[in-house]
Amino acid sequence: MSATPQTSSARANILARLRSKPVPPLPQPTVQVWTSQMGDQPVEVLRQSLKSNLEAAHAEVIQAGPEGWRATLQKVCQDQGIKTLMLPRSLPPTLDIAPWDQGPALSRFDQPMETLKDSLFNQVDAGFTLAECAIADTGTLVLLSSPEQPRSLSLVPPVHICLLDVRRLHTDMPTALAREQWASAMPTNLIFVSGPSKTADIQQTLAYGAHGPKSLIVILVEEDLQ
Amino acid sequence: MSAPQVNSTQPMHFMPGPGFRSRSKEVLDNPFLRQSFRGAMDFLMQKRAAQFPDPANLEALRSQGEAIRKYSLSRLPDLLEQLEANLTRNGIQVHWAENPEQAQDIIAGLMEKAQAPLMVKGKSMVSEEVELNHALIARGMDALESDMGEYIVQLAGERPSHIIMPAIHKTKEEIARLFAEKVPGVDYTDSVDELIQIGRRVLREKFRETKVGLSGVNFAVAETGTLCLVENEGNGRMCTTVPDMHIAITGIEKVVEKLEHVPPLLALLTRSATGQAVTTYFNWISSPRKAHELDGPKEVHLVLVDNGRTQAYAREDFRSTLQCIRCGACMNHCPVYTRIGGLAYGTTYPGPIGKIISPHMLGLEGTGELVTASSLCGACGEVCPVRIPIPELLIDLRARSQSGGPDPFTPQLKGEGSNRKPFMALAFSLWSLLYRSPGLYRLFAWSATRFRALAPRNQGAWTRTRTPLIPAKKSLHELVRERRNQ
Ligand code: SF4
């Protein structure tokens with residue numbers, strides 16, 4: 001603890017006041033009620049639910065075509081006019097993209113952000129990330145920050161393109177928390193993303209691209225992304 | 001058609017009570033403001049209702065939310081210690097502040113250490129509560145709000161009028177004029193998209209360059225040492241990702257024990273607040289940038305603020321106040337808030353939640369009048385996702401604000417008894433005396449009915465909008481007796 005003398009006496013005073021009247025501890029609540037009550041569902045149902053929820057939040061959801069997700073990604077970039085795409089520092093060998101000849105110019109998030117700020121904030125058109133898993137019930141992508149995949153890649157560029165293995169879909173948030181066992185090892189930053197950045201702060205009128213990406217494009221695959 | 005003018009250099013923190021009536025009147029007399037509050041509240045109420053189509057399901061979820069918050073509070077000191085130990089282990093530094101001044105000192109000290117004259121702020125009501133912006137300005141530093149609503153309110157030199165939608169009292173034309181006037185190089189446009197893009201451009205530069213970012217906390221998880229943040233815009237993520245230092249500030253009541261306690265509260269929060277099943281971003285922060293990681297703040301600090309919360313905690317009858325998850329549903333459904341808006345209250349937290357929490361922060365001297373500004377219709381208690389009995393708390397606070405001598409068995413509230421008026425106290429003791437002694441009561445009933453013609457026509461506030469109260473010709477006892485004898 002790095003407490004200054006002032007905050008350490010504040011700490012002692014606050015805790016003493018909280019303990020001045022003993023409060024009988026209540027029994028631990030069991031978390032069982034949920035809004036969706038979907039229960040375990042086949043992948044197809046989960047995929048549909050994820051897709052419709054994400055689309056309702058103004059995200060685009062694309063099934064990778066038979067020629068593979070790289071082709072889908074190239075097409076997305078072409079359609080969106082994306083000329084520069086930033087990749088994570090490293091992708092698993094089976095997933096690597098570069099070099100390619102027809103897609104947008106590729107760069108990697110391979111330096112500390114301080115050095116990359118200029119390109120990240122002002123040059124890159126889109127950031128590309130791999131989702132850890134997703135939650136069907138709310139249409140939520142789960143991203144982990146890691147040395148390979150910095151967190152600002154899904155935040156700063158105006159477009160966020162995310163690859164998701166649909167076999168990694170959970171029904172709802174409690175299920176995801178329980179099955180992924182984050183409680184035993186939380187990553188630096190766990191980010192749940194459920195659409196492009198938005199705001200309704202001016203006269204309750206919805207506008208996209210407030211501070212984060214204006215568009216979110218999710219490419220669905222059935223392939224190991226680890 | 002502007003909101004009541006609030007002098008932004010004067011800390012509002014210390015100016016609740018006096019002026020509440022005149023500020024309310026000002027809004028009531030302004031048809032544009034009334035219309036915009038009404039419209040906004042109708043909108044939020046409908047959106048919330050659409051998220052809870054099944055009443056049984058809603059009640060089950062509320063029970064869950066209430067149980068989790070009650071459980072967490074029942075173990076509050078232990079959970080705070082556990083939270084601190086785990087955050088510290090994760091590399092997040094924890095600071096404690098008993099009052100706004102201490103919180104200001106801690107944060108200003110951190111900024112000095114970072115040699116940062118400016119901070120970018122994500123939405124944080126606790127930072128408003130501790131008057132952080134004023135304190136920083138007074139020390140020659142500054143803070144820039146980055147939530148779009150907060151940014152607008154700051155540009156206008158005003159205060160947030162709603163805890164979730166800070167600029168709800170402003171029309172887009174007002175905002176368009178404000179931007180044209182205050183943002184360099186901007187022409188008048190009332191396209192909402194363009195206005196948001198202007199804000200985006202201005203603030204992106206700041207996120208890029210500023211060394212310190214500040215955020216609030218929606219839930220703090222003790223078992224893992226995690227700070228959770230709910231938002232739609234991405235400015236919260238910016239403030240907690242790009243600057244070198246992230247300072248989080250929150251009230252001591254926000255802690256829950258386990259990760260699994262978060263989803264039910266989150267579901268209740270976003271659905272009750274803005275009628276969303278989930279927000280765009282839900283951010284779980286458990287550590288500063290680790291070795292080999294390429295981004296994220298190098299230092300993360302958490303400031304835990306008491307500011308009167310321990311007073312509410314120490315009294316069993318007021319402890320439930322701390323269950324609040326700050327969703328704002330109680331204000332959206334409040335017939336008083338809907339008519340007078342958030343600024344009239346004069347406190348950081350307006351509406352029903354403001355009325356029950358502010359007395360603990362500011363004392364009943366200045367807030368005693370606020371607790372009477374309720375029709376006790378019960379709407380707030382009915383929608384509160386964690387079932388805080390707000391109307392009952394209001395009644396209790398009214399009683400406390402007018403209570404007599406100190407009660408040796410319960411700790412006093414700040415300002416307890418300060419709204420006691422000798423005439424009223426006398427009237428109520430006479431009243432209770434009458435009802436306790438049958439002889440006196442009969443004498444009173446007899447004379448009141450016989451001398452009814454003497455009842456005054458002018459009965460002060462009562463007769464301003466109502467006909468005078470005049471005793472009946474015969475008392476109920478007499479009527480019943482006559483009936484029996486027939
Ligand atoms: S008192 Fe209840 S309804 Fe009001 S803000 Fe707090 S949690 Fe929401």
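**A tour of chains A and B**

Start by selecting Leu85(A), which stands opposite Leu106(A) in strand β3(A). The model you have open is a predicted one. Strand β2 of chain A covers residues 84-87, and β2(A) pairs with β3(A) in the parallel sense over four bridges.

Now widen the selection to the sheet. Six strands of chain A form an open, parallel sheet, and their order is β1-β12-β7-β4-β2-β3. Where are the edges? They are at β1 (60-63) and β3 (105-108) of chain A. Each of these has a single partner strand, so one side of each is left without a neighbour in the sheet. From one strand to the next, the twist averages 25°.

Next, select residues 69-80 of chain A, which are helix α3. Helix α3(A) lies across β1, β2, β4 (126-130), β7 (159-165) and β12 (215-221) of chain A. Relative to β12(A), helix α3(A) runs at about 160°.

Move on to helix α5 of chain A, residues 173-180. Which residues are buried here? They are Met173(A), Thr175(A), Ala176(A), Leu177(A) and Glu180(A). To see what covers them, show both chains: the cover includes β5 (133-135), β8 (169-170) and β9 (189-193) of chain A, together with α12 (262-274) and β9 (281-285) of chain B.

Most residues other than glycine have a negative phi.

- Gln203(A) is not a glycine, yet has a positive phi of about 45°. Look for Gln203(A) in the loop between β10 (198-199) and β11 (207-208) of chain A. Its relative accessibility is 33%, so Gln203(A) counts as partly exposed.
- Arg387(B), also not a glycine, has a positive phi of about 55°. Arg387(B) sits in the loop between α19 (379-383) and α20 (390-402) of chain B. With a relative accessibility of 24%, Arg387(B) counts as partly exposed.

The last stop is on chain B. Select Leu426(B), Leu430(B), Leu433(B), Leu440(B) and Leu443(B), which make a nonpolar surface patch of about 460 Å². Helices α21 (422-436) and α22 (438-450) of chain B are the elements that give two or more residues to the patch. Which one gives the largest share? Helix α21(B) does, with three residues.

Finish on Leu443(B), in helix α22 of chain B. Is Leu443(B) buried or exposed? Leu443(B) has a relative accessible area of 53%. Exposed means over 50%, so Leu443(B) is exposed.

How values were computed. Residues are numbered from 1 along each chain as its sequence is written. Chains are lettered from A and ligands numbered from 1 in the order in which they are written. This is a predicted model: local features need pLDDT of at least 70, side-chain atom pairs count only at pLDDT 80 or more; totals for chains, interfaces and linings use all residues. Side-chain values use heavy atoms; hydrogens and water are left out. Patches are made of residues with over 30% relative accessible area and no salt bridge: like charges are joined within 9 Å, nonpolar side chains (Val, Leu, Ile, Met, Phe, Trp, Tyr) within 5 Å. Accessible areas come from the Shrake-Rupley method with a 1.4 Å probe; for residues, only the protein chains shown count as cover. A salt bridge is a side-chain nitrogen of Lys or Arg within 4 Å of a carboxyl oxygen of Asp or Glu. Buried means under 20% relative accessible area, exposed over 50%, partly exposed in between (1.4 Å probe, protein chains only). Contact means heavy atoms within 4.5 Å. Two strands pair if DSSP finds at least two bridges between them. Axes are lines fitted to C-alpha atoms, for helices over the stretch in contact, and angles run from 0 to 180 degrees between N-to-C directions.
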